[in-house]
Amino acid sequence: MPAARPNSLFGMGNPLLDISAVVDKDFLEKYGLKPNDQILAEDKHKALFEEIVKKFKVEYHAGGATQNSIKIAQWMIQDPHKVCTFFGCIGEDKFGEILKQKADEAHVDAYYYEQTEEPTGTCAACITGDNRSLVANLAAANCYKKDKHLDLKENWKLVEKAKVYYIAGFFLTVSLESILKVAKHASENNKLFTLNLSAPFISQFFKDALMEVMPYVDVLFGNETEAATFSKEQGFQTEDIEEIAKKAEALPKVNKKRPRIVVFTQGKDGTIMTKGGDKVETFPVLKIDQKDIVDTNGAGDAFVGGFLSELVQDKELEQCVKAGHYAANVIIRRAGCTFPEKPDFH
């Protein structure tokens, strides 16, 4: 079995420090949050970040959707180290140092663009039961610049080394030009470019950017809520998740050598995947007792990380889904997107 090469999986996104706490319904209502959602912080949420720390028992975890997935992929692969590369922007501050240290501990080859104008981004993860409402204050993450980082010769070399690319849809709000540069490189070299719908607001308010990238997408990830919003915004006129997957698969694609694969997770219900042509398969998730679920924050990221860990090793797609289900099952038993020392996946 050939081991994965260093820097063969490339991710680029918003590196955030998660500030995670079990909160109450009143807290959600006070800040107008849905129990299960992902949004960008507005002015009215400024106080939320202070209040959550004062009022609840918080835990700090390295976060950011893409960075989570990249870390999980590296954890699943184990050896060699630094199979996974990550680019993103942080501030020169304590939180930034924590993110660097955590990436290092996870054996991810992280290259952060560090700037002083904005502090390192944070994400408040407001947990109630098995729901999580995420409020992201991008700050530094929003300052990523193609010309200041991605275009630099030594950085672009790392992009060229990769054969699988993953970017969460969240990064569409930050640097469309960076995404397009990476996506076109993948497409022109018949490598795999993968993207996540990430959150309903991406399909709604960043639709043009999303659809500019879509022709380059070889694997599209999302969950049932995101799929439904995408369908509505695209005028697919269906709420049937299998039909949505087929229609997403059939959207225009630049690299004709590979059919687009669409993978939609549905929480405790089966994951569906298109298989080229008119076939859609459903894969049941691993059973878990409700009492064993600690927090579902990071479950979707973990699924993608598991999936990518097998994809970068040229495994069958069914195996990729199984690895995704395994990783998600491990993550939801723990607080934040954290994992035990070694995986036990076969």
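Contacts come first: in this protein, residues 24 or more positions apart account for 74% of the contacts with a separation of 6 or more, where contact means heavy atoms within 4.5 Å. The model is predicted, so local features need pLDDT of at least 70, side-chain atom pairs count only at pLDDT 80 or more, and totals for chains, interfaces and linings use all residues. Residues are numbered from 1 along each chain as its sequence is written, and side-chain values use heavy atoms, with hydrogens and water left out.

Now for the overall build. The protein has 13 helices and 14 strands; these are DSSP runs (helices H or I, at least four residues; strands E, at least two), numbered from the N terminus. Of its 346 residues, 59% count as buried, meaning under 20% relative accessible area, while exposed is over 50% and partly exposed lies in between (1.4 Å probe, protein chains only).

Here are some values for the whole protein.

| Property | Value |
|---|---|
| Box filled by the C-alpha atoms, along the principal axes | roughly 55 × 45 × 40 Å |
| Radius of gyration of the protein | 19 Å |

A compact globule with 346 residues would have a radius of gyration near 20 Å, which agrees with the value in the table. The radius is taken over C-alpha atoms, and the globule rule is 2.2 Å times the number of residues to the power 0.38.

Let's zoom in on one residue. Ala-228 sits in helix H10 (residues 224-234) and is partly exposed, with a relative accessible area of 37%. Ala-228 and Ile-244 are 16 residues apart in sequence, and their C-alpha atoms are 7.7 Å apart in space.
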